[in-house]
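Keep the structure in view as you read.

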Amino acid sequence: MRRAAARVALWSLVAALTVSAGGCALSAGLAETAPPAVLAVLDEPALAGTRWGLMAVTAEGEPVMARNADQRFMPASTTKVFTTAAAFALLDDLDAPDPADGTSVRLEDRPDGGAADVVLVGAGDAQLGDGPGCVTDCLSELADATAARVRRVGDVIGDDRLFPDARWGPGWSWEDMQEPFGAAVSALTVNDNVVVLEVMPGATAGAPVQATWRDGDDLQSLETEAVTVADGEADLRLERRPGQEGVRLYGRMPVGSAPARLRVGLDDPALTAARRFRRLLEARAVLVEGEVTARHRPPTLTDAVPPVSGMDEVEVARLARPPLLATLTRTAKASQNLYAELMLHRLGRLDGTGARADGLARVEAVMAMAGVPREAFDLYDGSGLSAYNRISPRAVTTFLLWTMDQPWGEAWRATLPVGGRDGTLSRRFVGTPLEGRVFAKTGTLNGVNALAGFLTAASGRTLVFAIYANDRPSSAGSALEAMDRAVLALAAEN
């Protein structure tokens, strides 16, 4: 980590020179041009009103196609390209576990002299779990170690103060907060900060549905208003209002329907993790005499990382943090928003306090090294959920082209979804000339579709591309099919 921090410091000194020297590498020689086959797709009447942005270059940096290449677009989850690449550029030993950088448990003396409190301390580990199928990086392992040390404790405390308490990013939609893809961000994350509700219809029409939390997730209160109906389509909805942990289920479910599983993003992951840990301790005959609470670090103007506690404390157990490469691969392949945000906070701890702004500063430093002009983008998060994010297609291809010359570039590219094979591209480009020949990050928000990465063209050449569909009218539906046909035409013409 010391070498990584030194690189950041050096880059901050040369960023201005880098931009002035390389920032215009793809800015000349091509204005608005595309083969007729591509234009025919982009200009289809069914998608009238959609604003398209497209840039494609060869691996040598020769521009081959552009449309609105310097306009700024909402990138959606193609934002993860910059977050994950920055991690490859700045972090060391991505493919090795770190015994000193995992979730830990500490016993903390109480002022009243009672049984020591047990503190579960988050380390920003994205993969910590406690389900029945957990094999590695399991909360149960920490419970085993704690139970071997003590038989009576006071409070059980979830501590996520490694990062400031900023659970949702700027520009995230409030209705996304209850969704799995909008789960709260916390340095103490368990089971992806998601709980699962299993729902079955009643025996007869008019009966309430049967809803239960899966695998001990009944740490959330539930209000069930959904009813069983005689026929028709199931329509089940969940509501968890901001700032409230309770979940309300409403809607309808036909008699005889197959069970449904609904996933809900958590509001306070550290508190839920502490509740889970208490349950694990009690299952091991540890007497918990106190309450379950959480410790957070409110953001401040002069942010500083606090000590773990102000009392005498001793560490009794620690998990080795799994290799970050697995986290980065899932971030890109599955477009996992929580993992991207946790990685951004991890970058923010290289020479900062772990705040989102510190992480974004590190990402921007890497983009400057790539020659991306600062005026070409604005990023507010690491996942792409923010409606405030903007970037130009030319800036994206400039960055992607730069990654090809980096020593980690090939390993990073391997984390991207592969057309027709895996990740968010597993069902796209199947049976086409680009199956297995396009490696790209997808992106989707309301009114937005995006795709950016690499492809092997008909000529055998590698092309670097970025394509965006923004401002898509709701009446037009998804632009994915048209986008894929445009990319196929791009590959066929080159």
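Q: What makes strand E7 (residues 194–200) and E8 a pair?
A: Welcome to a predicted model! Two strands pair if there are at least two bridges between them. E7 and E8 have 4 bridges, in the antiparallel sense, so they count as a pair under that rule.

Q: Why are strand E8 (210–213) and strand E13 (260–265) said to stand at the edges?
A: The open sheet has 3 strands in the order E8-E7-E13, with antiparallel pairing. E8 and E13 each have a single partner strand, so one side of each has no neighbour in the sheet. On average, neighbouring strands here are turned by 25 degrees against each other, direction ignored.

Q: How do you know that helix H9 (residues 393–403) is mostly covered?
A: A residue is buried when its relative accessible area is under 20%. In H9, 11 of its 11 residues are buried, including Phe 399 and Trp 402.

Q: What makes Met 367 stand out in the largest nonpolar core?
A: This core has 46 residues, and Met 367 is listed with Phe 82, Phe 399 and Trp 412 as having the most contacts inside it. H3 gives the most to this core, with 8 residues. Leaving aside neighbours within four places in sequence, Met 367 is in contact with Phe 82, Val 372, Phe 377, Leu 379, Ile 391 and Phe 399. Another core, of 31 residues, lies apart from it, and Val 38 and Leu 42 are among its members.

Terms used
Residues numbered from 1 in each chain as written. Predicted model: local features only at pLDDT ≥ 70, side-chain atom pairs only at ≥ 80, totals over all residues. Heavy atoms only, no water. Helix = DSSP H or I, 4+ residues; strand = E, 2+ residues; numbered from the N terminus. Axes fitted to C-alpha atoms, helices over the stretch in contact; angles between N-to-C directions. Buried < 20%, exposed > 50% of the residue type's maximum accessible area, 1.4 Å probe, protein only. Core = buried A, V, L, I, M, F, W, Y, C linked by side-chain atoms within 4.5 Å. Contact = heavy atoms within 4.5 Å.
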